[in-house]
Amino acid sequence: MSEIDLDTARKVAHLARIAVPDENLPALAQELSQMLTFMEQLNEVDVEGVEPMTSVTPMRLKRRLDGVTDGDMQAKILSNAPDAREGFFAVPKVVE
Amino acid sequence: MSDLNKLTIAEARDLLRAGDVTSVALTEACLAAIEGAGKLNAFVHHTPDIALERSKAADARIEAGDAPAMCGIPVGIKDLFCTVGVPSQAASRILEGFKPEYESTVSAQLRDSGAVMLGKLNMDEFAMGSSNESSVYGNAVNPWKDGARELTPGGSSGGSAAAVAADLCLAATGTDTGGSIRQPAAFTGTVGIKPTYGRCSRWGIVAFASSLDQAGPMTKTVRDAAIMLEAMCGHDPKDSTSADLPVPDFESMLTGDIRGQKIGIPREYRMDGMNAEIVALWDKGAEMLRDAGAEIVDISLPHTKYALPAYYVIAPAEASSNLARYDGVRYGHRAKLGPGDGITQLYEKTRAEGFGPEVQRRVMIGTYVLSAGFYDAYYNRARKVRTLIKRDFEQAFAAGIDAILTPATPSSAFGLGEMAEADPVQMYLNDVFTVTVNLAGLPGISVPAGLDAKGLPLGLQLIGRPWEEGALLRTAHVLESATGFVSKPSKWW
């Protein structure tokens with residue numbers, strides 16, 4: 001049985017970049033604990049010498065020339081931005 | 001001709017080619033049906049102008065004698081597919097207002113084959129859910145009812161399933177990461193196939209868990225699934241995991257002859273406390289295939305029990321990475337910031353407002369299992385178990401098994417709101433029979449096989465060998481013919 005404490009829940013929320021108010025942390029910690037407990041059934045499996053799966057179908061990644069195939073569409077790329085100015089995505093000040 | 005919206009793809013195609021019906025007439029019938037079905041909340045973005053324009057073009061193409069099978073067929077598109085100039089928001093608030101500048105490969109292939117898009121279909125937010133209740137649009141409703149009780153159409157492709165079952169369109173696209181095509185198909189008496197991983201391009205489909213996601217058709221019959229799948233799949237250089245293999249003529253493989261085929265019945269799928277009606281249906285399905293000349297073989301897939309926990313490590317891990325792109329900078333929702341808020345607050349507030357509770361939960365659990373110190377214990381272990389799950393299937397196929405028959409779901413459709421109090425893991429159990437197929441990358445199809453005591457549809461699942469969708473469809477077609485399932489929900493909406 002896995003126990004996620006409030007500090008861990010707070011840390012996970014921050015790593016995921018999701019604001020979670022303090023009063024919601026106990027419920028979050030409990031839900032995460034339930035899910036982890038469910039996942040811990042995996043500890044029953046003998047995985048000695050088993051390779052972790054990287055590709056579900058045996059395939060080699062295709063290669064192509066490292067060349068420009070597309071571009072010159074600034075307006076299209078910015079068309080859905082919540083805030084675009086002078087051909088850039090705009091965000092709050094990042095560096096003090 | 002009345003009730004054109006009730007036609008199958010095959011019927012409509014033949015009428016179109018014979019000049020007995022026009023695509024415009026078919027499209028208008030579907031648009032009228034959609035108009036009258038607001039209560040089902042299946043279509044969430046309506047595109048009647050696009051539909052009429054494309055249907056006129058399809059009619060011209062048919063008249064010119066250049067008509068692929070899907071030409072002129074009105075279909076619905078799941079909201080997960082990016083469609084140029086049309087809202088595509090994966091049923092999430094975080095993609096509110098997003099109108100893609102590009103078209104997903106699958107919807108582009110359908111468009112280019114002449115199919116007519118009627119609009120976008122409801123789903124669980126980011127395809128995370130089994131009841132369509134995590135949608136920002138509110139849930140879709142199953143056209144099948146249990147007395148006065150309103151039921152879920154399943155999820156995540158719940159809008160697609162409801163729309164096809166209620167004859168709002170001739171067919172719809174779905175996507176399936178852990179059962180999201182097959183479970184809603186089973187809950188609504190429709191057919192849904194998830195092809196082999198790599199058959200359909202994922203390009204332009206909003207990503208949930210990239211190593212598991214596959215698109216597929218949701219249709220009224222197995223024949224229609226064969227026709228529509230052929231139009232959807234094929235190699236795409238824009239998806240590096242898309243398979244460079246020829247696409248067979250699936251429909252021509254529906255010969256009705258499955259004599260000598262070996263059908264495996266996995267003993268691990270017979271679980272304690274299983275619904276007796278499901279067990280009886282499963283036994284009956286096996287008997288029907290035996291009567292059709294197949295050999296029924298007991299098989300073992302020993303790691304079945306560990307598929308769900310492995311899935312609920314791998315899928316959220318991939319989701320947490322895929323959904324990192326929703327940051328309020330490039331598209332979609334951006335939170336209003338307070339004085340002094342910087343870039344971190346922009347991310348954190350935007351994502352807290354934009355993602356619903358289930359998506360937040362999965363992103364956070366995915367973040368946790370990938371975080372330093374837990375990566376090996378959870379994520380790597382789950383990937384090793386995934387190798388073993390796939391090996392189980394490989395061993396069965398190596399022993400001569402052609403297809404595997406299982407139930408599609410542990411129950412018929414449940415009531416809307418009934419799972420609200422349950423812990424998240426209870427909802428996840430819906431995927432118990434379907435999730436192994438995604439983990440192993442195999443094709444799987446859900447075929448309606450009967451009604452339960454409440455008069456609700458139940459489905460059986462057939463699992464095939466990789467890349468052998470044609471043979472899988474052939475067996476499914478035989479099962480469909482044998483069950484003779486023709487029930488439709490009576491109209492109340």
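Colleague: Which strand of chain B do three bridges join to S1(B)?
Modeller: In this predicted model, local features need pLDDT of at least 70, side-chain atom pairs count only at pLDDT 80 or more, and totals for chains, interfaces and linings use all residues. Residues are numbered from 1 along each chain as its sequence is written, with chains lettered from A and ligands numbered from 1 in the order in which they are written. Strands are DSSP runs (E, at least two residues; helices are H or I, at least four), numbered from the N terminus, and two strands pair if DSSP finds at least two bridges between them. The strand running antiparallel to S1(B), with three bridges, is S3(B), residues 116-121.

Colleague: Which residue in S3(B) stands opposite His46(B)?
Modeller: S1(B) spans 43-46. Opposite His46(B) stands Gly119(B).

Colleague: Why is one side of S1(B) left without a neighbour in the sheet?
Modeller: The open sheet has eleven strands in the order S1-S3-S2-S6-S8-S7-S12-S13-S11-S9-S10 (chain B), with mixed pairing. S1(B) and S10(B) (295-299) stand at the edges, so one side of each lacks a neighbour, as each has a single partner strand.

Colleague: Which helix of chain A gives the largest share of the side that touches chain B?
Modeller: Contact (C-beta atoms, placed from the backbone, within 7 Å) links 36 residues of chain A with 55 of chain B. H1(A) (6-15) and H2(A) (25-39) each supply at least two residues of that side of chain A. The largest share, six residues, comes from H2(A).

Key. Two residues are in contact if their C-beta atoms, placed from the backbone, lie within 7 Å.
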